Amino acid sequence: MDLGIIYENMQPNRNTAGPQSQNQDEVQNRKRNRRFVVVIVCLGIICVFLVIALILLYVYLTAGRDQNSHNITSLSQKKNELEIRVNNLSDALRKMFSGTFRYFISREEKNWTDSRQFCRDNGGDLIIINTKEKQEYISSIDNENLWIGLTDLEKEGRMKWVDNTPLNGGFWIPGEPNDQAGNEDCVVISVFSETFMNWNDLKCSEERRCICEKWLIS
């Protein structure tokens, strides 16, 4: 399958010292893998507790609809705080392994849904851009409109990434997103901007190339 252009954001292999160096590398790899497993397990446990807490808050809010507005507002704020903590944990994990992403660009133009399926068929997903550094890097590697993993298809005006985390800020062209004609729900990096502020919302049915990212574990 033609995966298009591939960009790797990884350190080169410097293992040229012989058997002893290879053994040391193997030990380091095992230690790194153990640390990775511990982090994933801990994050999973924390997420489980947070999800349980969110469910309990939801039940409590549903049962207490007749309470005064002050109490409901307070509980809603606590629910939002828990959601923010979950998102922060996800961001922390992503940053911890930020050196293990491979980016690849499709050669064929597809609509947003088919573009995402292309990424998933090849072990990745449409790219999530949550730092200025990543945005500047991605903006520099191609000169064509590219679908990214951001959409408000689920709820108009509420942009979310493909991993369900809500958008915080963004790098929009001035005046965007404008939801022109009420049906622009998917986002591209646009070549019409000369700066890294180049996001634009388009109809999801339009056909564009896309940029995918694949999380590699080494």
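A residue is called buried when its relative accessible area is under 20%, exposed when it is over 50%, and partly exposed in between (1.4 Å probe, protein chains only). By that rule, 34% of the 218 residues of this protein are buried. This is a predicted model: local features need pLDDT of at least 70, side-chain atom pairs count only at pLDDT 80 or more, and totals for chains, interfaces and linings use all residues. Residues are numbered from 1 along each chain as its sequence is written, and side-chain values use heavy atoms, with hydrogens and water left out.

**Overall layout**

The protein has 4 helices and 8 strands. These are DSSP runs numbered from the N terminus: helices (H or I) of at least four residues, strands (E) of at least two. Their order along the sequence is β-α-α-β-α-β-α-β-β-β-β-β. A contact means heavy atoms within 4.5 Å. Among contacts with a separation of 6 or more, 72% join residues 24 or more positions apart.

**Strand E4**

Strand E4 covers residues 146-151; 6 of its 6 residues are buried, so the rest of the structure largely encloses it. Leu 146, Ile 148 and Leu 150 point one way, while Trp 147, Gly 149 and Thr 151 point the other. In a regular strand, side chains alternate between the two faces of the sheet.

Which strands pair with E4? The table lists E6, E8 and E5. Two strands pair if DSSP finds at least two bridges between them.

| Partner of E4 | Sense | Bridges |
|---|---|---|
| E6 (residues 186-189) | antiparallel | 3 bridges |
| E8 (residues 209-215) | parallel | 2 bridges |
| E5 (residues 160-161) | antiparallel | 2 bridges |

Thr 151 has Cys 186 as its bridge partner in E6. Thr 151 also stands opposite Lys 160 in E5. Trp 147 is bridged to Cys 210 in E8.

**Aromatic pairs**

Rings of Phe, Tyr and Trp (its six-membered ring) pair if their centres lie within 6.5 Å; planes under 30 degrees apart count as stacked, over 60 as edge-to-face and the rest as tilted. The structure holds 6 such pairs. Tyr 103 and Tyr 137 have ring centres 5.9 Å apart and planes at 50 degrees, so this pair is tilted. Tyr 103 lies in strand E2 and Tyr 137 in helix H4, 34 residues apart. Tyr 103 is buried, at 3% relative accessible area. Tyr 137 is partly exposed, at 32%.

Trp 161 and Trp 199 have centres 5.7 Å apart and planes at 85 degrees, so their pair is edge-to-face. Trp 161 sits in E5 and Trp 199 in E7, 38 residues apart. Both are buried. Trp 161 and Trp 199 form one aromatic cluster with Phe 171, Trp 172 and Phe 196.
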